[in-house]
Amino acid sequence: VSESKDLSYMFNECSLLSNIDALKNWNVSNCENFEYMFCECLSLSNIKPLENWDVSAGKDFGSMFYGCSLLTDINPLRYWNVSNCKYFASIFRGCSSLSDIKPLEIWNVSNCKDFTSMFSGCKLLSNIKPLRNWNVLNCNTFQSMFYGCSSLSNLEPLENWNVSNCNYFTNMFYGCISLSNIDPLKKWNVSKGKNFKNMFFG
């Protein structure tokens, strides 16, 4: 696969796939599109074989692990170089067992334009401190980013996010039923916002 620029949908809906050891030594250094690669891999819980992948050319990680409901450990992704990524939309959407996102703490997301539904449906996610220092200045949409994150109660880690270029906040915290204080967002510059529909609905 060393020459491939597009690995999208490669294992999409392989619902019985649980062992991906065979991918451990893959050279994906030229790949730009990882979209939906492991989407709906319902039996996949161990992604350690991806630990040493060189994903530095990747531009689209949209829905890569969408629906991986058994995934709990994303530590293998900690040192991924995602600095060229523009789309993280739905990458962990529906990862309903995921509660620890600390491995994402050092991700360079400064080029990303789209965080749509990134953690949508991550109902066990309560601690988003690892996102505290993310540079989201280039983001155009946070639509549904934390949709259905019913355990999320503290938005303080997002306090210093620079969201001044974002146009869409639609459904961003929809269904975050544990949320009682939105004070940390009071400094946000949302002057370019075009759509705030259902931002805190439910």
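The structure is a predicted model. The sections below move from the chain as a whole to single residues.

**The chain as a whole**

The protein chain has 202 residues and a radius of gyration of 16 Å. A compact globule with that number of residues would have a radius of gyration near 17 Å, so the value for the chain agrees with a compact globule. Taken along the principal axes, the box filled by the C-alpha atoms comes to roughly 50 × 30 × 25 Å.

The secondary structure of the chain comes to zero helices and zero strands. Contacts reach across the sequence: of those between residues at least 6 apart, 85% join residues at least 24 apart.

Of the 202 residues, 46% count as buried. The chain exposes about 9300 Å², and carbon and sulfur atoms supply 43% of this area. As for charge, there are 17 positive and 17 negative side chains. The centres of these two sets lie 8 Å apart.

**Salt bridges**

How many salt bridges does the structure hold? The number is four.

| Residues | N to O distance |
|---|---|
| K102 and E105 | 3.0 Å |
| R132 and E156 | 2.9 Å |
| D183 and K186 | 3.7 Å |

The surroundings of these side chains can be taken pair by pair. In the bridge between E105 and K102, E105 has 35% relative accessibility and therefore counts as partly exposed. K102, with a value of 40%, is also partly exposed.

R132 and E156 join through their side chains. R132 is partly exposed, its relative accessible area being 32%. E156 is partly exposed as well, at 27% relative accessibility.

Which phi value does E13 have? The angle is positive, at about 65°, although E13 is not a glycine. E13 counts as exposed, with 57% relative accessibility.

N198 is another residue that is not a glycine and has a positive phi, here about 55°. N198 is partly exposed, with 30% relative accessibility.

Is G58 buried or exposed? Its relative accessibility is 1%, and buried means under 20%, so G58 counts as buried.

Which residues are in contact with G58, leaving aside its neighbours within four places in sequence? They are C31, E32, F34, N84 and C85.

G58 and S15 are 43 residues apart along the chain, and 25 Å separates their C-alpha atoms.

Methods:
Residues are numbered from 1 along each chain as its sequence is written. This is a predicted model: local features need pLDDT of at least 70, side-chain atom pairs count only at pLDDT 80 or more; totals for chains, interfaces and linings use all residues. Side-chain values use heavy atoms; hydrogens and water are left out. Buried means under 20% relative accessible area, exposed over 50%, partly exposed in between (1.4 Å probe, protein chains only). Helices (H or I, at least four residues) and strands (E, at least two) are DSSP runs, numbered from the N terminus. The radius of gyration is taken over C-alpha atoms; the globule rule is 2.2 Å times the number of residues to the power 0.38. Contact means heavy atoms within 4.5 Å. Accessible areas come from the Shrake-Rupley method with a 1.4 Å probe; for residues, only the protein chains shown count as cover. Lys and Arg count as positive and Asp and Glu as negative; His and the chain ends are not counted. The place of a charge is taken as NZ of Lys, CZ of Arg, CG of Asp or CD of Glu.
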